[in-house]
Amino acid sequence: MRTVFVNPERCIGCLQCEIACATEHSSSKNVASAFLEAPQPRARIHVEPGPVPSTAYPNRCRHCDPAPCAQVCPTGAIHRDRGLGVVLVDEDRCISCAMCAVVCPFDAVTFYPSAAGPGPEVAVALKCDGCVERLRRGQPPACVEACKVGALVFGDLNDLVAAGRLRATAAVLAATAAAPPGPPDPLAAWHAFGAELVAAAGHAARPTHDRGGER
Amino acid sequence: MSVSDGRRAVQLSINRDAQEMIDLARAEGIETVWDRLDAQQPQCGFCALGVSCRNCAMGPCRVDPFGEGPTKGVCGAGADVIVARNLGRGIAAGASAHSDHGRDILEVFASTARGETTGYRIADEGKLRRLAAELGVDGDQRPAGDVAADVADVLFDDFGSRKDGVSFAGRAPAARRARWQELGITPRGIDRENVEMLHRTHMGVDNDHVSLLLHALRTGLSDGWGGSMIATELSDVLFGTPSPVLSEVNLGVLRHDQVNVALHGHNPVLSDVIVAAAEDPELVDLARSYGASGINLVGLCCTGNELLMRRGVPMAGNHLMQELAIVTGALEAMVVDYQCIMPSVTDVAACYHTKIISTSDKARFPGATHLPFDPRRGAEIGREIIRAAVEAYPDRNPDRVHIPVAPVRWMGGFSVEAILGALGGSPEPLVSAIASGAIRGAVAVVGCNNPKLPQDYAHVELTRQLIEHDVLVVVTGCAAVANGKAGQMLPESASMAGTGLRGVCEALGIPPVLHMGSCVDNSRVLVLAGALADFLGVDIDQLPLAGAAPEWYSEKAVSIGAYVVASGVTTVLGVQPPIFGSPRVVDLLAGGLDGVVGARFAVEPDPSRAAALIRRHIEEKRRALGLPFEDPDSIAVTAPAAPVG
């Protein structure tokens, strides 16, 4: 089963997947003109900041099987493409009841007008379509192509899980000194700085001495 | 939900005035810098790590810091070159900002020398003649105007390409100058180094990160010993050399019953004539006719520091207070020149009766009233600006006025001349206090505010811990204002210091934290360090000194960091610069530089840990000088605090 796998520890919050996604779902497919289109094309992947600065998670539809959204959709607007392994919305049949959003385990469904939908004023369910057009051409999804740090990867699920397993193995063995450590991680300090910012806010909020200036 | 949603005001600033105004802004739906920081989360990691490049149209490019994606831009530049180029360009921007400020002062100085200005004069003729002697200009028996014109000529040449070294670089100790010469980083001309930095960072020019970083240091030096020093020295000549002065600080300096005018930005050249205009009887009468009891000038940021240093003008706040000062509803006008003035001030002002008055043709603000500065009409423009502010007073809505706290007293005015004056004319008393160990060393705590950090927390906490351990602290810029608000900058603040430093401060009647001025006045710190080194016959890097920029945000701060380190003073930054995508650049700046210029950078956001690192560094320097020292390893560096949920 081919899917987009997420390595959240690698996400550095550049938002390039969001821009690539919105562009892919535009009429012009051109970043320079996509943002001028009406209705405005929308990203279907959302990079949300984590609990401390310098962390983030790119959230998108996981194309569940069975898909709760498809199960509850009263108009049958949501269906699965078995061949490509993606869950798709027929925007013309969507009645914006938001039941799909209610049951989505990942809050991955949004509602905006769409060029493919019933009209420029009518919001319909928008979510990741797995870049079906690209998949049919043998290309990876746009978000994966845009990601230059391996936070989003596309391939056979078990292969992707295995890749993560191998990285974990190397890290565990380095930590237990059973294998030499790799080169210094340039991101470690960046991540640590985010944690320090949160700590500093906590410390500053704890009055330790008279700051003066009170009336 | 973004990271900082729900951060309470007490987590955003340690100051009650800021906290109350943040809550008020939130209640009124007025967007501030903290809201915009939230909206930017997550911020781009490529850019935070310095590995994105927009220098050419084959790009934009970014390289994968994990090393699995692209490791080179289209041109072939890897992380080392991209990071070094970006850092170099940032330093050039910061150095250019300071130096163009210096040039603006120089131009007014030259025009004043020729008698073409109104509202300006040579205020410190003694300093003019001392500068003339230093610059090889005949200063004796000639009218001040003629001397000033020749001094201006010499300094104009410092901006160009005809010299082997900028004039004031000659003030550095001989050993330091020799080291610069050997490394090829003597600043030759101010504009030249900046232009060369832009040239070198064009695609396909300097492709060696070491060479790029060395030129970045030279570019910084052209600021510290060039543009900034010219700004400081000529401002002293035109407006007076600062001497100790008492004043007040925080938003409590705004008055309920007066026309409040905030002077914000960096250049003292116009604000000085505004001070005169605010005392104009006709304008004071006009204010009274509208029911105000007078005209109250306050400072913000470094224009405020310039005015505090020379005129004792009260200070409303530092960088992160600029929007909040408007939220008091008590500000009739904010007069802005340039640098660090958020484009948002006009948006916040639009929610109130406050007029934003822009004064520099280089710095325009849509929505502001533009009254461009012209030194030939200085006095007249000063009056026009004050008149505009007074005319806004009837529009003030008293129901929206909220001045949060009572002001805190503080002391400014410690130019090098004033410090040496307090010491009795020679660095000897300070040097012997350092030699005996009563004072362990001295640290310059400088730089900005950054909304990523709780406002002023690191400035105040670091400074407090240093003075408690007998380290004399000198401050400039936003760091100075932070310490002022915390009540750490009065002669009686000596009681907060350790026994040794307290004794020295009490004997001299000075605070343990000395205000040396605006951010261009970091040049005063260089002059003082050079004077101490010369007195001892050593180089600056041998002295028990350090620098700290705990809450920096600006490209100017990066330039300051570059020239301070290149001058031999190790500097601790509280906010990560965008260089961590290149471990080689980090290794060089945080380690290798020590063997080259005798100083290096460190990054430590936690002020307690930063204080310990600095004290260890100072004790190491003391040991090397053969002075009584504490074992550096005995100074505990506490573990980083656990994140608070």
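**Close-up 1. Contact between domain 1 and domain 2 of chain B in the predicted model.** In this interface, 16 residues of domain 1 of chain B touch 19 residues of domain 2 of chain B (contact: heavy atoms within 4.5 Å). The two domains of chain B together bury about 1300 Å², with carbon and sulfur atoms accounting for 51% (buried area: the accessible area, with a 1.4 Å probe, that two parts lose on being put together, summed over both). On the domain 1 side of chain B, the residues that lose the most area to domain 2 of chain B are B:H101, B:Y120 and B:F239, which together make up 42% of what that side buries. The model is predicted, and local features need pLDDT of at least 70, side-chain atom pairs count only at pLDDT 80 or more, and totals for chains, interfaces and linings use all residues. Residues are numbered from 1 along each chain as its sequence is written, chains are lettered from A in the order in which they are written, and side-chain values use heavy atoms, with hydrogens and water left out.

**Close-up 2. Salt bridges and polar contacts between domain 1 and domain 2 of chain B.** Three salt bridges are found across this interface (a side-chain nitrogen of Lys or Arg within 4 Å of a carboxyl oxygen of Asp or Glu). A salt bridge joins the side chains of B:R310 and B:D236, at 2.7 Å from N to O. Eleven residue pairs, both at pLDDT 80 or more, are in polar contact between domain 1 of chain B and domain 2 of chain B (a pair of N or O atoms within 3.5 Å; within protein, one must be able to donate a hydrogen and the other to accept it, and residues adjacent in sequence count only if both atoms are side-chain atoms). On the domain 1 side of chain B, the elements giving two or more residues are helix 5 (79–113) and helix 10 (209–239) (helices are DSSP runs of H or I, at least four residues, numbered from the N terminus). Helix 5 of chain B contributes the most to that side, with seven residues.

**Close-up 3. Domain arrangement in chain B.** Chain B comprises domain 1 (79–239), domain 2 (251–400) and domain 3 (411–634), with bounds from an automatic or database domain assignment. The centres of domain 1 and domain 2 of chain B, taken over C-alpha atoms, lie 30 Å apart.

**Close-up 4. Interface between chain B and chain A.** Chain B supplies 52 residues to the contact and chain A supplies 43 residues. The buried area is about 4000 Å², of which 65% comes from carbon and sulfur atoms. Zero salt bridges are counted between chain B and chain A.
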